[in-house]
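Me: I have a new structure open and would like to learn how to read it. Could you walk me through some features, one at a time?

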Amino acid sequence: MSKMISVLAIILVFLSSCNETGKIDMEEHKYAQYLVDEFIESLNNQDKERLETLFSKNPLDNSDDFNNQFNALNECIGDSIVSYDFDGCLATSMSVDYGDKTNMIRFGFMVTTSENETYNVFIIAYNIDTVNEDNLGVYMLETANSDYHYYKSWQERMTPGIVVLKSEDIASI
């Protein structure tokens with residue numbers, strides 16, 4: 001009887017930890033999907049203000065003129081996104097220091113326009129930051145019309161705001 005109780009207790013602990021991890025993952029995935037949907041709606045409606053609300057305060061304060069960035073993004077992709085491909089894959093970097101938490105989410109997706117052009121979009125966002133709430137939201141949104149494998153690493157490209165990658169951002173081989 002005591003063995004049965006021990007086995008049940010171990011199973012309950014295991015299932016509880018899986019559920020908690022799943023819950024955290026689900027929240028990150030929901031947030032990423034929300035950002036994808038809002039990005040597409042913002043561009044298709046040419047709604048700069050809607051897109052701007054996704055960004056955290058710090059990149060808006062520390063980036064070049066958001067109007068010019070939005071215009072460059074709109075010139076690159078346009079306002080005719082007809083489909084996207086987001087497989088739900090994302091990377092996270094959680095930091096915990098004396099109870100303070102920061103979680104950076106990184107993910108990419110592809111959009112296709114009505115002109116049958118495809119573009120890669122890469123987003124870095126913070127969904128948790130108990131140290132500085134001004135970091136919550138999108139830090140960087142970048143796009144390119146060619147394969148990301150040719151560009152420098154995201155760590156080298158990390159720039160606040162909206163970035164439209166150009167040929168000079170391609171890594172030398």
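Reply: Gladly! Let me begin with a definition: helices here are DSSP runs of H or I with at least four residues, numbered from the N terminus. Please keep in mind that this is a predicted model.

Me: Thanks. How many helices and strands does the protein have, then?

Reply: The protein has 5 helices and 6 strands. Read from the N terminus, their order is α-α-α-α-β-β-β-β-β-α-β.

Me: What share of the residues is buried?

Reply: A residue counts as buried when its relative accessible area is under 20%, and as exposed when it is over 50%. Of the 173 residues in the protein, 38% are buried. The accessible surface comes to about 10300 Å², and carbon and sulfur atoms account for 52% of it.

Me: Now to charged pairs. How many salt bridges are there in the whole structure?

Reply: The general idea is that side chains of opposite charge can pair when their charged atoms come close. In this structure, a search finds 4 salt bridges.

Me: Which residues are linked in a network of salt bridges?

Reply: Lys48, Glu49 and Glu52 form such a network. Lys48 pairs with Glu49, their closest N and O atoms being 3.4 Å apart. Lys48 also pairs with Glu52, where the closest N and O atoms are 3.8 Å apart.

Me: Where do Glu52 and Lys48 sit relative to each other in helix α2?

Reply: Helix α2 covers residues 48-52, and Glu52 and Lys48 are 4 residues apart in it, so about one helical turn separates them.

Me: Which residue forms a salt bridge with Lys57?

Reply: That is Asp61, with the closest N and O atoms 2.5 Å apart. Lys57 and Asp61 are both in helix α3 (residues 57-62), 4 residues apart, which is about one turn of the helix. Lys57 is partly exposed at 43% relative accessibility, and Asp61 is partly exposed at 48%.

Me: How can I check the length of a helix, and which residues of α4 are buried?

Reply: For the length, compare an expected span with the distance between the end C-alpha atoms. Helix α4 (residues 66-77) has 12 residues and should span 16 Å at 1.5 Å a residue; its end C-alpha atoms are 16 Å apart, so the two agree. The buried residues in α4 are Phe66, Gln69, Phe70, Leu73, Asn74, Cys76 and Ile77. After α4 comes Gly78, whose phi is positive, near 90°.

Me: What can one residue, such as Phe107, be in contact with?

Reply: Phe107 lies in strand β3 (residues 100-113) and counts as buried at 2% relative accessibility. Beyond its neighbours within four places in sequence, Phe107 is in contact with residues including Ala32, Leu35, Phe86, Cys89 and Ile123. Phe107 and Ala91 are 16 residues apart in sequence, with their C-alpha atoms 6.4 Å apart in space.

Me: And what share of the contacts joins residues 24 or more positions apart?

Reply: Among contacts in the protein with a separation of 6 or more, 51% are between residues 24 or more positions apart.

Technical notes
Residues are numbered from 1 along each chain as its sequence is written. This is a predicted model: local features need pLDDT of at least 70, side-chain atom pairs count only at pLDDT 80 or more; totals for chains, interfaces and linings use all residues. Side-chain values use heavy atoms; hydrogens and water are left out. A salt bridge is a side-chain nitrogen of Lys or Arg within 4 Å of a carboxyl oxygen of Asp or Glu. Helices (H or I, at least four residues) and strands (E, at least two) are DSSP runs, numbered from the N terminus. Buried means under 20% relative accessible area, exposed over 50%, partly exposed in between (1.4 Å probe, protein chains only). Contact means heavy atoms within 4.5 Å. Accessible areas come from the Shrake-Rupley method with a 1.4 Å probe; for residues, only the protein chains shown count as cover. The expected span of a helix is 1.5 Å times one less than its number of residues.
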